[in-house]
Every structure is written in C-alpha cells, then in structure tokens.
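Morning, everyone. Let me put the structure up and then walk through it.

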Amino acid sequence: MWNPRQRRLKPLACGMEELRRRRREREAALRKARREQQLVSKRLLREDAQEEIGGEAAATTLGEAEVQQLLRLAQWGTDEKEREKALVSLRHGLQHPETQQTFIRLESSMRTLVGLLTSNRALLQLEAARCLHELSHSEQSTVAEACLPATSYLLTYLSGHSSDFIELCLYTLGNLIVESEAVRRQLLPQGIIPALAACIQLYFCWQLYPGLHSPEAHAAIDATWPKAEPWGGCGVCLVPSLHHLQVNNALLITHGALSTLGLLLLDLAGAVQRTEDAGLELLICPVIRCLSNLLTDVPVEAVGGQMELIDERVMAALFILLQFFLQKQPSLLPEGLWLLNNLTANSPTFCTSLLSLDLIEPLLQLVPLSNVVSVLVLTVLCNVAEKGPAYCQHLWPGPLLPCLLNTLALSDTEVVGQSLELLQLLFLYQPEAAQDFLQQSGLQALERHQEEAQLQDRVHALWQTALHG
C-alpha cells in the first residue's frame, strides 16, 4: 500500500488564499470560454423529409454551368413546380463550400436569389430563403458578405405571419451576424434591434452576435429597451433574443435585466408545476442562458441592488426547473447547473440559500447521470466550500463522503480532478474531514490515481493539505 509519509513532501505551497485565487481564475476563464462558444455557434435548419427527397443531389457539388442552369430554371421555369425543384437542387448543392464559392462568384446570382425571395410565390420564397440559410452557414466571411443584399428583406419578413418562415429568417440573420462584421454594421441602421424587440417567436435569434459595441448600438438599445415596467406582457417575446443580444452586460443590468429575468424564472418555475406543456423548455433554456451570461461578467454581489430577488426564491425556482429538465429534457440539465455555478461562484447569499433549503442531497442525486453533470455539481459544491468553515460544516460528512468516494472510483480525469479540489477545500477549512475520509477507504481511492500524469500534482497537494492541515 502506498504511504504518503514515505514520499518526500515539498513544503505546503498551496495555502487557502492561493487555492482560492487559482480557482477563481480558472473558473472565470471557463465561464468566459463557455459564453463565447455559445455566442458564436451557428444553427442549421434542415427538414429531414426534404433531404430524403433530394437523394443523390444532396451529396453533389455543382459547377458554374450547373448553378447558372438551376438559377435560370428557378427564374424562368415553365411552371412553379419546376422552379421550386430547381431551387431545391440548388439548395442541396449549396451545402458544399465549393458550390458556395462558385455561387458568389457568378454575376447576378445573388440578385436572382433575392428576386425569388421577394416574389409573390410562397413556395419559391421559402426555398430561396433556405438557399440563403445554407449560404449563411458557411465559415467564409466572403460568403456572408455576399448575402448583404438580402438582409433588409430578411428583416422585413420578421413581421410576417408564417412562424416557420420567420424562424428561418432569424436563424439565417443570426448565422450571418456571427460570421461578418460588415453584416453587423449594416443590420444596425436597418433596424435589427427594434425588429427583434417586436418579434414574437420563442426561438428568435439564438445567434445574434454581441459584437455591436458601438455608441450607436448602445443608443438603439437604450431607445428600445422598456423601462417603465419590467417588459410587461412582451417579456416572453423578448427573452429568447437576449441570449445573443448581450451587447453590453452592464447596460442590460442598468435597465433591470437581472431582476426581470429573476422574476421570469419564478414565473416559469410556477408554470412547469401547473402544465404538461412540453414546449416550455424552449423558453426556460434562453432565460437560464441569459442569466448565466450576465453573471459571467458581473458578479452578483456587485449588483445586489439591481437584482431584487437575491433570496431563497430564486434558488427554489431553479431546482424546480432542474427537476423539470430531469423528467422532460435531461440534456438541458447542464444549462441549469451552469447557472447554479455562476450564482454561487461569487455569492455567499446563494450558497447560504442552497444550504438553508437542504438542496445538497438533491444536487448530489444528479451526479450519477453523466460526467458533465458530475463536474458541474462538484464545481458548485466547491463554490460553497470555498466560502469558509461554516459552509463546510454543512457539507461534511453527510451524503457527500460516499458520493466523493464513488466519483474518485471513476476513470474520467475531469470528474476525479474536481473531486480532489473539493476535498482539498474541505481539508483546509475542516481538518477533521481528512481523518473521516481516510477512515472510509479514502487512501485506496487516492492510490488509484497516484500515477496518472494529469492528477499526480492534485493528489500530492491533497496529501500535503491532509498532513499539514
């Protein structure tokens, strides 16, 4: 059996403040990276049935002559069915980067497509919009910029009556915004912010890139953001856009975004208890993401007066929604846990609520679901333990000890590493925890990872803390 006392131990270099500093820096970097990854990701809408109809065409790259022929048929075909079929074939071809480049090089190709988009034929309009959507998914900014002539029309159609068409236009605009600064500069004076504020779709603009850091953008938001009431009846319509309409978090907080989102979180928690509507997650997820992103840049304690709901109600509502996700949409659990992480990272108030409501055990029950969930739960518990001895006393031992012994038996290095970090915090603030841990097979649990390159330092630091604590 491995004996830590037989090894040459370096002086304890990772004291309480140093450990806290490292955690804060690492967690801040992780939150920023997660937020940026969400904000620049693209969405692609495709109908499976349509792709099956396309058959081999869906896998074909089109040459210049073929693109020209399809555009001619789409514009001048003998009947609407032939014109629609030509656009479907073009759309399939535009799934390939080579065809996209061929398309934008052809003179008048975009003008033709915009003409079809603005025609009075609904089916042709829809297929033209789908072609633009394929172009918007390109990773080349030149392709996005070639779509500039279509953006004003896409904005206009946001006030239409077809929910499917509105959704397609929104996703297309979102993808274009992500890829090109030129598109962002053009959409602002065209009225993108008022258009989104008036939009009634729950899905709308998941991808609105927060790169509009200009005085004009701030003025536009300042002019359109409701101030008298916290969004009143249009709150449900505005929230899904906020996930990407975070031009300036401080500006949004100044206009009451935190308190309004907190109120909406409470309303949604009540709604999931009253209805079996399976579509509620389409609104819950954007609300949670908005709150998470705001809290990434602005610590809760720094805006205490702005958020009127820093109490147990927010924590209780969030756990109701976590239970809803567990039953209806388990894949969304990480979203709720990420918000819980951001709430507890800098706020003793929320950590206190977590303990006073006896929510540690329900939280630990989520650990076996997946490695991703395990890491997030353990990170939240690290946030609590970091707040000091009084918080650690509520955590240990209880159900946490057997839980940590189980997670240390896993092979996932991220889960094990987060478990070791939580143990180190507990050992620092509550030295008797080290003795409890070793008496409950803790030594054997650590021996499993002593030779793993990614975990050696953490195992060694934990032993130092246990022996010197």
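Predicted model: local features only at pLDDT ≥ 70, side-chain atom pairs only at ≥ 80, totals over all residues.

Residues are numbered from 1 along each chain as its sequence is written, and side-chain values use heavy atoms, with hydrogens and water left out.

The whole chain first. The protein chain has 27 helices and zero strands. Both are DSSP runs numbered from the N terminus: helices are H or I with at least four residues, strands are E with at least two. Of the 469 residues, 54% count as buried. Buried means under 20% relative accessible area, exposed means over 50%, and partly exposed is in between, with a 1.4 Å probe and protein chains only. Now contacts, meaning heavy atoms within 4.5 Å. Take those in the protein chain between residues at least 6 apart in sequence: 78% join residues at least 24 apart.

Next, helix pairs. Axes are lines fitted to C-alpha atoms, for helices over the stretch in contact, and angles run from 0 to 180 degrees between N-to-C directions. Under 35 degrees counts as roughly parallel, over 145 as roughly antiparallel, 65 to 115 as roughly perpendicular, and the rest as oblique.

How do α3 and α5 cross? The axes of α3, residues 64-76, and α5, residues 97-105, come within 10 Å and cross at roughly 65 degrees. The two are therefore roughly perpendicular. Their crossing is right-handed. On handedness: left-handed is when the near helix is turned anticlockwise from the far one by less than a right angle, right-handed if clockwise. From α3, the contact uses E64, V67 and L71; from α5, T99, T102 and F103. By class, that is three nonpolar, two polar and one charged. Here Ala, Val, Leu, Ile, Met, Phe, Trp, Tyr, Cys and Pro are nonpolar, Asp, Glu, Lys and Arg are charged, and the others, Gly among them, are polar.

P389 is in α23, residues 389-395. P389 is partly exposed, at 42% relative accessible area.

L455 is in the loop between α26 (432-447) and α27 (456-468). L455 is buried, at 2%. Leaving out residues up to four places away in sequence, L455 touches T413, V416, G417, L420 and H449.

In α6, residues 109-117, seven of the nine residues are buried, so the helix is largely enclosed by the rest of the structure. Among them are M110, L113 and L117.

Last, N175, in α10, residues 163-179. Buried or exposed? N175 counts as buried, at 0% relative accessibility. The N175 side chain makes a polar contact with the side chain of S136, at 3.3 Å. A polar contact is a pair of N or O atoms within 3.5 Å; within protein, one must be able to donate a hydrogen and the other to accept it, and residues adjacent in sequence count only if both atoms are side-chain atoms.
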